[in-house]
Amino acid sequence: MTMNVLAPEYADGVGRRAVLARELAGLAPDVLALQEVTRADVAALADDGWHVAPHPRYGSDGVGAVLAARTPFAAVTADPLAVSDRTARTEWCGVAAALLPLPEPFGPLLVAHHKPSWPYGWELEREQQALVTARLVAEMADEHSARHTLLLGDFDATPDAASIRFLRGLQSLDGTSVRYQDAWANAHPDGAPGPTFTPENPLVRRGDMPEAAERRLDYILVGCGPHGPTLHVSGCRRVMVEPVGGVQVSDHYGLVADLVPPDHPPGAWAD
C-alpha cells in the first residue's frame, strides 16, 4: 500500500491521523509507503509493530516519508535524490529501499519507496531521480539476489510523463532502460483512469493546488525479469476515497495492490 497522508498541520491532522490508523489496521497491508509523515508518525508506526525505514531527509516543516513492513528488513539503503540544485527546494524527496527475506513461495523481495520532487515543471528532476532509483534498486537486487523488486510511492507524475514511461519500460533515459508493470493499469485493462489526486476531493480544493486537474500520481510497480513480471497482480484498488465517519483522510487517495506468485516461474513452461 502507498498513500500520501497530507501533513498533520492541515485540516484537523489529529482527527485524520486517528482515522488513518483505524483504516490501516483494517486493510492490514504487509508493505506500506507513506508520504507527508512526521517523526512522530514514524515512531507511532514502530510502536504498532511496524519495521520502519524513514527516508533520508525531513523537510524544515518536519515532514518526510517512510517505508514500513511487517517483516524485519534484512538490508536497507537510501538516497536523497539530490540530482540538481533545485532539489534543495523539495527538501524531503528521496528513496528508501529494503530487502524483505520472505518465505517461499515468494522468496526475497526488494521494495523501494520512491518520492521524487513534486513541483509542476520539474519533470527533468523526476526523470533523473527515476534513473537514480532504478539503478539503486538494480544494484541492490543483484547484491542480495532478490527474486522480486517492487517500487511504490507518490511519484508526482502522470502515466504519460517521461519518468513514468521510463519506469514502465516505454522509453529509455540516459542510455538506460528498465521495465516495471503498473499494478493499476494491469488490474484495470479497461483503461479506468484511477486518479489519486483530484478536485473531487474537498481537501484538494482547499489545498495548495486548487486548480489542479485530476491526476494519477501514486503507483505500485512490479519489477520484470527477461520474461515479464515476477509477481502476479491479482487486484489493485484505491482506498480512503470517500470520507470515513465524516473525515476525509487526505488530499490523496491510497492505493493497495494484491500480489501473489505466478502459477509457474516466468521463463519456464508449465508442466
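## A walk through the structure

The model is a predicted one, in which local features need pLDDT of at least 70 and side-chain atom pairs count only at pLDDT 80 or more, while totals for chains, interfaces and linings use all residues. Residues are numbered from 1 along each chain as its sequence is written, and side-chain values use heavy atoms, with hydrogens and water left out.

H148 is buried, with a relative accessible area of 5%. Here buried means under 20% relative accessible area, exposed means over 50%, and partly exposed is in between, with a 1.4 Å probe and protein chains only. From H148 you can look across to L221: the two are 73 residues apart in sequence and 11 Å apart in space, C-alpha to C-alpha.

A65 lies in strand β4, residues 64-69, and counts as buried at 0% relative accessibility. Between A65 and A96 there are 8.9 Å in space, C-alpha to C-alpha, and the two are 31 residues apart in sequence. L255 has its place in strand β13 and is buried too, at 1% relative accessibility. L255 and P202 are 53 residues apart in sequence, with 18 Å between their C-alpha atoms.

Now let us step back to the whole chain. The protein chain has six helices and 13 strands; helices (H or I, at least four residues) and strands (E, at least two) are DSSP runs, numbered from the N terminus. Along its principal axes the C-alpha trace spans about 55 × 40 × 40 Å. A compact globule of 271 residues would have a radius of gyration near 18 Å, and the protein chain agrees with this, having 18 Å. That radius is taken over C-alpha atoms, and the globule rule is 2.2 Å times the number of residues to the power 0.38. Of the 271 residues in the protein chain, 51% are buried.

Next come the pockets. The search runs on a 1 Å grid over the protein atoms alone: a pocket is an open set of points where a 1.4 Å probe fits, with protein on both sides within 12 Å along at least five of seven lines, and lining residues have an atom within 4 Å of a point. Grid points are joined across faces, edges and corners, and a volume is the space filled by probe spheres set on the points.

The largest pocket has a volume of about 650 Å³. Its lining has 28 residues, and the closest to its centre are L6, Y10, E36, D208 and D251. Helix α6, residues 202-206, gives the most to this lining, with three residues. By type, the lining of the largest pocket divides into 12 nonpolar, four polar and 12 charged residues. In this count Ala, Val, Leu, Ile, Met, Phe, Trp, Tyr, Cys and Pro are nonpolar, Asp, Glu, Lys and Arg are charged, and the others, Gly among them, are polar.

The second largest pocket has a volume of about 450 Å³. It is lined by 21 residues, and P29, D30, V31, A257 and L259 lie nearest its centre. The elements that give two or more residues to this lining are β8 (148-154) and β13 (254-260), and β13 provides the largest share, four residues. The lining of the second largest pocket divides into 16 nonpolar, one polar and four charged residues.

The charged end of R70 sits over the ring of W50, 3.9 Å from its centre, and K115 lies over the face of W92, at 5.0 Å from the ring centre. For a charge to sit over a ring, NZ of Lys or CZ of Arg must be within 6 Å of the ring centre and within 35 degrees of the ring normal.

Our last stops are in the backbone of the loops. A cis peptide bond joins E104 and P105, with omega about 15 degrees, and P105 lies in the loop between β6 (94-100) and β7 (109-115). D156 has a positive phi of about 55 degrees although it is not a glycine. D156 is placed in the loop between β8 and α4 (162-167), and is buried, with a relative accessible area of 9%. D174 also has a positive phi in a residue other than glycine, near 50 degrees. D174 is in the loop between α4 and β9 (180-182) and counts as exposed, at 60% relative accessibility.
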